[in-house]
Amino acid sequence: MPDYMFLLESRLSPEQRAVMMRAQELSASMGFNLYLTGGTVRDLITGASLRDLDFTVEGNPTKIARELEKGGAKILSEDEKLRHIEVLFAGDVEGSIAAARDDHYVRPGTRPEIRWSTIMEDLRRRDFSLNSIAISLNPASRGLLLDPTNGLSDIERGEVRALTIHSFTNQPVRLLRVLRFASRMGFKLEGRTQEWFDLAIERELHKTIAPEEAGGELRALAREERPTVVLKAWEQHDLLEAVNPHLAKRHPDYDAITKLMKVREDLFTAGFRPRLAAPMLLAILGRLKDREQGGVLSKAGYRSAETEAVLDFPEEALEAQKELAGRKMNAPIDAYRFIEKLPLDQMAYLLAESRNSGALSKIRAYLNKWRPMRSTLPAVSNELEALGMARGAKFDEIVEQVFAIQLTGRGKTPEEREKILRKLSGIKEAPKKKEKKLGKSGDKVHVPAIGRAAVPAKTSKAQHRERLQGKHAAKAAGAKKSSGRK
């Protein structure tokens, strides 16, 4: 059996892993059983990127959420009736915490009675089998896979299977949702699910979808990595009308969506994980007038503050563009610092929609040149340390100055960087060794090595006499030999 806990942890980002560990600690201290459920487990099994962390707790999740808030989490929305909380965890990790529950329908199509339950009951009451899988995060069963509806087999077959014949009757919004899952994952509807789907369309159940529930699907769509295929599936089955009649009549702006999807891929390649809900929503509604866009969002259940934030988004992005293209950003280091703080969704919007060459060139330089250059600063730190400077505030300041200089195109080679580092740090180059001096005759004078006994420049008188005596003795011996030969 696969080790799902190891697989999960190997796929999580460091920020996601930290959130999971903190949620485990809190639930254990409060005596609650905690599970990873829904999309997190589904994406883990299918190999898709783990975008969200969806937790289900056998108990009240509000206590855990409040403790997580103290650590930097932000509550995005809270449904007190369902005990479902959307959270932006610390480290910009998206996800949710919900209470395990069972939905009891007195008759098909009526509002359900909410009953707090165990995890197994919670999994069985869900919409589709591929969303009814969980991984235990509890000490006694950590890593245990719970799959009461055999969703793992459906995933392996590439099918989306509804859990009951009344699935679409009880919640007509699932007509939109089943196509969203199938389109995103490239799956087909399981045989009986397809029959139930067709029957629901024939009975025009899609016309009974509540606007707020359709709005929930619109929210989810704006976060999809492939919204185009979902929208076209909705249009193919005449379901876009259920989302909004204006959108169905004008059609989504597929060109704008495609451009933004391309930008998202580029940002992923550059190492970012952008959340593009606002710009993607604007792209989807791009063919509608501003007033119509506001009407769509209002009917979809967006609060006035949320609607205002979406509609004001382009203006805020263009303000950032104006500042980036201005004279204050002529120095590359100033542009770098500005873009570094620019929200990713605004950056993506400008890359997709802007025609300002000055701003775009700086953003592209930031992604393709400046950020990779920034990653080489540890090598600059090592070079400065090798020159003899101790690490500290002044040390870090000099490294930052070198980075600013590198952004202008200087300091590319180690030799150039050494000169720059010496100038900034005040560390002078070691003096060069002096060349050997020449004597009067032109011969090099021997310079003794340090530590050796020096050879005196002049010999003593006794040594001089000994050499003269040796010369005379040699002459006399040579003369004798010469007379003997004669």
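# Reading a predicted model: a dialogue

Author: Ser136 lies in strand S8. Please keep in mind throughout that this model is predicted.

Reader: Is Ser136 buried or exposed?

Author: The relative accessible area of Ser136 is 1%. Buried means under 20%, so Ser136 is buried.

Reader: Which residues does Ser136 touch, residues up to four places away in sequence not being counted?

Author: Ser136 touches Met5, Leu34, Tyr35, Ser141, Arg142, Gly143 and Leu144. Its C-alpha atom is also separated by 8.9 Å from that of Thr37, a residue 99 residues apart from Ser136 along the chain.

Reader: What share of the contacts in the chain with a separation of 6 or more comes from residues 24 or more positions apart?

Author: Such residues account for 62% of those contacts. The chain has 486 residues, and buried residues make up 44% of them. Its secondary structure comprises 25 helices and 11 strands.

Reader: In what order do the strands of the open sheet stand?

Author: The general idea comes first. Strands of a sheet pair through backbone hydrogen bonds, either parallel or antiparallel. Here seven strands form an open sheet with mixed pairing, in the order S3-S4-S5-S2-S1-S8-S9. Strand S3 (74-79) and S9 are at the edges with a single partner strand each, so one side of each has no neighbour in the sheet.

Reader: In which sense do S1 and S2 pair?

Author: S1 and strand S2 (residues 52-57) are antiparallel, and three bridges join them. Leu34 stands opposite Val57 of S2.

Reader: Which strands of the sheet do helices H3 and H4 touch?

Author: Helix H3 packs on the sheet and touches S1, S2, S8 and S9, its direction making about 55° with that of S1. Helix H4 (residues 61-70) also packs on the sheet, where it touches S2, S3, strand S4 (84-89) and strand S5 (93-99). The direction of H4 makes about 150° with that of S5.

Reader: How many bridges join S6 to S7?

Author: Four bridges join these two strands, which run antiparallel. Arg101 stands opposite Trp116 in S7. In strand S6 (residues 101-104), Arg101 and Asp103 form the covered face, while Asp102 and His104 form the uncovered one.

Reader: Let us turn to helices. Which residues of helix H1 are buried?

Author: An α-helix has 3.6 residues a turn, so residues three or four places apart point the same way. In helix H1 (residues 4-11), the buried residues are Tyr4, Met5 and Leu8. Viewed down the axis of H1, they fall within an arc of 100°, so they line one face of the helix. Their cover includes helix H2 (14-30), strand S1 (34-37), helix H3 (39-46) and strand S8 (134-136).

Reader: What span should helix H14 have?

Author: Helix H14 (residues 254-269) has 16 residues and, at 1.5 Å a residue, should span 22 Å. Its end C-alpha atoms are 23 Å apart, which agrees. Among the buried residues of H14 are Tyr254, Ile257, Leu260, Met261 and Leu267. The buried residues of this helix pack against helices H11 (227-236), H15 (277-284), H20 (344-353) and H21 (357-374). After H14 comes Gly271, with a positive phi near 100°.

Reader: Which residues other than glycine have a positive phi?

Author: Most residues other than glycine have a negative phi, and most peptide bonds are trans. Asp92 is exposed, at a relative accessible area of 52%. Another is Asp238, with a phi near 55°, in the loop between H11 and helix H12 (240-243). Asp238 counts as exposed, at 59% relative accessibility.

Reader: Finally, which residues have the most contacts inside the largest nonpolar core?

Author: In soluble globular proteins, nonpolar side chains tend to be buried together. The largest nonpolar core of this model has 126 residues, and Phe55, Trp234 and Met347 have the most contacts inside it. Residues up to four places away in sequence not being counted, Met347 touches Leu267, Ile339, Leu342, Ile363, Tyr366 and Leu367. Another core, of five residues, lies apart from the largest one and includes Tyr35, Ile119, Ala134 and Leu146.

Terms used:
Residues numbered from 1 in each chain as written. Predicted model: local features only at pLDDT ≥ 70, side-chain atom pairs only at ≥ 80, totals over all residues. Heavy atoms only, no water. Expected span 1.5 Å × (residues − 1). Buried < 20%, exposed > 50% of the residue type's maximum accessible area, 1.4 Å probe, protein only. Contact = heavy atoms within 4.5 Å. Arc of directions from axis to C-beta. Core = buried A, V, L, I, M, F, W, Y, C linked by side-chain atoms within 4.5 Å. Pairing = 2+ DSSP bridges. Axes fitted to C-alpha atoms, helices over the stretch in contact; angles between N-to-C directions.
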